[in-house]
Amino acid sequence: MQRGQFITLEGGEGLGKTTNLAFIETLLIERDVDVVVTREPGGTVLAEKLRQLLLENNDEPIAEQTELLLMFAARAQHINNVIEPALSQGKWVLCDRFTDSTYAYQGGGRKIALTTIRWLESFVQQQLRPDLTLLFDAPVELGMKRAKKRGNLDRFENEHWVFFNQVRQAFLKQAKNYPQRIKIINAELSLAEVQQSIKQCLDLLR
Ligand code: T5A
């Protein structure tokens, strides 16, 4: 059986990943693709519990190392129980965030050494890497404005502007390092224009 394709959506806060997940799922179903839609951190019962611990605002500060290890603990569970089984059954996996977010938030934002992240990536993922990544990019202010409209901010959304700018720059660096895999989507455009760009990127996988 032919292995499925692994597509990830990445980018800063509030730039349209979740909104466009449903759009992409519909496009794939129209193309007769059997697709599993999931997210990180999360995607399994245990990983969703870790997501809650990571996102909730808490009196006890979470150490950077703890944050990084919890991200990869959730990822290990997700890969073993959801992503790998689906891909090996020929299903496509559409995932809201994956390891590029770790490079951006824990690497770019928290300044954890990239060699440490790379080591954990190899340990947890072995050979698994996305086939296509759509990176939603726009100035930080725009994403925060959109995210704030939705109400309460989570632990990451309460970070400061400098942090988010470092996250954005780290995502763009990932895109520069992996131009074949990572396609930048201009999230400043209207939803219709964004979805047109997404369609063009998905055609690359046909
Ligand atoms: N994290 C995650 C790490 O630090 N390391 C990691 O390894 C991983 C995997 C997860 C958090 O965890 C961190 C990063 C995150 O902070 P999350 O909920 O997955 O949190 O991530 P968020 O970015 O917070 O997700 P959001 O749901 O907030 O943002 P989305 O999904 O990018 O944006 P969306 O689709 O909800 O859109 C926001 C608003 O904008 C509108 C939408 O209608 C919505 O109201 N909108 C547009 N409006 C106009 N024009 C467009 N083109 C629009 N597109 C969307």
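Where does P41 lie? P41 lies in the loop between β2 (35-39) and α2, where helices (H or I, at least four residues) and strands (E, at least two) are DSSP runs, numbered from the N terminus.

This is a predicted model, in which local features need pLDDT of at least 70 and side-chain atom pairs count only at pLDDT 80 or more, while totals for chains, interfaces and linings use all residues. Residues are numbered from 1 along each chain as its sequence is written, and side-chain values use heavy atoms, with hydrogens and water left out.

**View 1. Backbone at P41 and K111.** The peptide bond that runs from E40 to P41 is cis, and its omega is near -15 degrees. K111, which is found in the loop between α4 and α5, has a positive phi of about 70 degrees although it is not a glycine. As background, most residues other than glycine have a negative phi, and most peptide bonds are trans.

View 2. Helix α3 (residues 64-88) has 25 residues and should span 36 Å at 1.5 Å a residue, which agrees with the 34 Å between its end C-alpha atoms; the expected span is 1.5 Å times one less than the number of residues. At I79, α3 bends by about 50 degrees, the bend being the angle between axes fitted to the seven residues ending there and the seven starting there. Just after α3, G90 takes a positive phi of about 85 degrees.

View 3. A polar side-chain atom of K17 lies 2.5 Å from an oxygen atom of the ligand, and a polar side-chain atom of R97 lies 2.6 Å from an oxygen atom of the ligand. From the backbone, a polar atom of L189 is 3.0 Å from a nitrogen atom of the ligand.

**View 4. The largest pocket.** On a 1 Å grid over the protein atoms alone, a pocket is an open set of points with protein on both sides within 12 Å along at least five of seven lines, a cavity is a set where a 1.4 Å probe fits but cannot get out, and lining residues have an atom within 4 Å of a point. The largest pocket has a volume of about 710 Å³, a volume being the space filled by probe spheres set on the points, which are joined across faces, edges and corners. Its lining has 33 residues, and the closest to its centre are G14, K17, T18, R97 and R150. Among the elements that give two or more residues to this lining are α1 (17-30), α2 (45-55) and α3.

**View 5. The second largest pocket.** About 230 Å³ of space lies in the second largest pocket, and of its 14 lining residues the closest to its centre are Y103, L114, A170, K173 and Q174. Helix α7 gives the most to this lining, with six residues.

**View 6. The largest cavity.** The count comes to one cavity of 30 Å³ or more, and about 130 Å³ of space lies in the largest cavity. Of the 17 residues that line the largest cavity, the closest to its centre are G12, E13, L15, V140 and R168. The largest share of this lining, four residues, comes from α7.

How values were computed: Polar contact = N/O pair within 3.5 Å; in protein donor to acceptor, adjacent residues only side chain to side chain.
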